[in-house]
Amino acid sequence: MISYVTAFIDLSQKPFVLHPHPHEDELLSSWLVRVSVAHDTMPCSLMNMHFPEYKNIIFSRDLDVWANDDLLAKLSIKSNLPAETLFSMTLQSYRGILQKKILTNTGNNMLSPIVSRARKNQKHGLKYCPLCLAEDSAPYFRKIWRVSFYSVCLTHRILLLDKCCKCKKPISFYKFKDDAGFTKCWFCGQKLSLCTSIPVADNEYLAIKKLSDIILDKKYKYANQEISVLDFFTVYHQIAKILNPHSSPSNRLNPCESLKLSIRFWEEFDNLLNGKNISATTQKSVLSKDMTYIPAFYKKKLDTL
Ligand SMILES: [Zn+2]
Ligand SMILES: [Zn+2]
């Protein structure tokens with residue numbers, strides 16, 4: 001039985017007694033909740049006892065974005081895991097890949113915001129695949145599910161979900177009520193693994209597969225040329241903004257809209273590589289509007305239009 005702790009013990013000098021090993025591509029917050037489940041203690045209570053200096057902070061903000069070097073170093077001592085491993089579980093590890101910098105507020109173009117208040121997420125930025133959760137021997141939340149364009153599970157070829165299928169509330173897995181697992185909706189108790197989603201077509205699958213491969217390969221290759229991953233996603237963001245001017249870090253697309261945008265991106269990006277304008281008629285000044293850094297390959301293409 002998971003317990004709310006009423007008598008706080010200072011565990012700041014003690015290691016975690018139990019610490020399940022992180023899974024492949026697991027989010028730091030997901031792992032810390034599993035550590036808390038292993039201790040039969042609510043995540044907030046366990047963190048307050050181990051990190052009194054971060055009392056009521058750890059899960060009150062977007063931990064996967066803000067986790068700083070100090071916290072990671074302390075977590076490393078408590079879990080005996082290298083700080084680098086713990087860093088790789090945060091969204092800061094996308095620094096230099098998806099964006100030059102990952103901001104600690106909600107203003108990241110390439111990440112889906114959650115806007116946590118009192119450990120309840122206000123935005124639907126935490127996506128999930130119900131079939132992955134159903135098949136996991138120990139269910140967990142993946143880091144890539146927080147990437148804004150990542151709208152399809154490449155294993156199950158279905159659209160990711162971004163809310164509880166029953167009550168439609170955003171997912172807040174650090175706020176579970178019982179020990180039956182943190183993969184239930186905190187509000188209505190719906191098992192997220194029993195929610196259903198829709199299969200995607202081959203072209204939809206490929207649009208997302210190609211984007212996620214660029215993260216893995218750290219580059220995009222076309223016609224004997226290589227574009228660095230950061231240059232590619234800088235241009236991805238610019239083209240996505242042109243195709244969908246109303247999107248902003250605080251006004252995110254849902255997985256279905258996001259998937260449509262990714263498909264349009266590839267159409268327009270291929271046009272651009274073939275010397276054609278984006279959306280056929282876009283003003284040239286718009287193509288580089290507000291860009292503080294214009295990748296060389298993009299500038300070259302714009303110059304030939
Ligand atoms: Zn899946
Ligand atoms: Zn619900």
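Into which domains is the chain divided?

**View 1. Domain 1 and domain 2.** The chain is divided into domain 1, residues 28-194, and domain 2, residues 202-304; these bounds come from an automatic or database domain assignment. This is a predicted model, in which local features need pLDDT of at least 70 and side-chain atom pairs count only at pLDDT 80 or more, while totals for chains, interfaces and linings use all residues. Residues are numbered from 1 along each chain as its sequence is written, and chains are lettered from A and ligands numbered from 1 in the order in which they are written. Between the C-alpha centres of domain 1 and domain 2 the distance is 27 Å. Contact between the domains involves 26 residues of domain 1 and 20 residues of domain 2, where two residues are in contact if their C-beta atoms, placed from the backbone, lie within 7 Å. The side of domain 1 that touches domain 2 has 11 nonpolar, 10 polar and five charged residues. In this classing, Ala, Val, Leu, Ile, Met, Phe, Trp, Tyr, Cys and Pro count as nonpolar, Asp, Glu, Lys and Arg as charged, and the others, Gly among them, as polar.

**View 2. Helix α7 against helix α9.** Helix α7 spans residues 202-217 and helix α9 residues 255-273. Helices (H or I, at least four residues) and strands (E, at least two) are DSSP runs, numbered from the N terminus. The axes of α7 and α9 are 9 Å apart, and the two helices pack at an angle of about 75°. Axes are lines fitted to C-alpha atoms, for helices over the stretch in contact, and angles run from 0 to 180 degrees between N-to-C directions. α7 and α9 are therefore roughly perpendicular to each other; angles under 35 degrees count as roughly parallel, over 145 as roughly antiparallel, 65 to 115 as roughly perpendicular and the rest as oblique. On the α7 side the contact is made by N203, E204, A207, I208, K210 and L211, and on the α9 side by L259, S262, I263 and W266. By class, this contact of α7 with α9 has six nonpolar, two polar and two charged residues.

**View 3. Residue N203 in helix α7.** N203 is found in α7. N203 is exposed, with 9 other C-beta atoms within 10 Å. A residue is buried if 20 or more other C-beta atoms lie within 10 Å of its own, exposed if 12 or fewer, and partly exposed in between, with C-beta atoms placed from the backbone. N203 and I263 are 60 residues apart along the chain, and their C-alpha atoms are separated by 7.9 Å.

**View 4. Helix α8 and its surroundings.** Helix α8, residues 229-243, crosses α9 at roughly 110°, and the axes come within 10 Å. α8 and α9 are therefore roughly perpendicular to each other. Y236, I239, A240 and L243 of α8 meet L261, R264, F265, E268 and F269 of α9. By class, the contact of α8 with α9 has seven nonpolar, no polar and two charged residues. α8 has 15 residues and reaches 21 Å from its first C-alpha to its last, close to the 21 Å expected at 1.5 Å a residue; the expected span is 1.5 Å times one less than the number of residues in the helix. Buried in α8 are F232, F233, T234, V235, Y236, Q238, I239 and A240. These buried residues pack against α7, β5 (219-222), β6 (225-228), α9 and α11 (296-304).

View 5. D40 is in the loop between α1 (28-38) and α2 (43-50). Its phi is near 55°, a positive value in a residue other than glycine. D40 is exposed, with 12 other C-beta atoms within 10 Å. A223 is in the loop between β5 and β6, and has a positive phi of about 40° although it is not a glycine. A223 is exposed, with 5 other C-beta atoms within 10 Å.

**View 6. Residue I144 in a loop.** The loop between α6 (130-135) and β3 (152-153) holds I144. I144 is partly exposed, with 16 other C-beta atoms within 10 Å. Leaving aside its neighbours within four places in sequence, I144 is in contact with D25, Y150 and S212.

**View 7. Residue S116 in strand β1.** S116 lies in strand β1, residues 116-117. S116 counts as buried, with 25 C-beta neighbours inside 10 Å. Not counting residues up to four places away in sequence, S116 touches S60, R61, D62 and N121.
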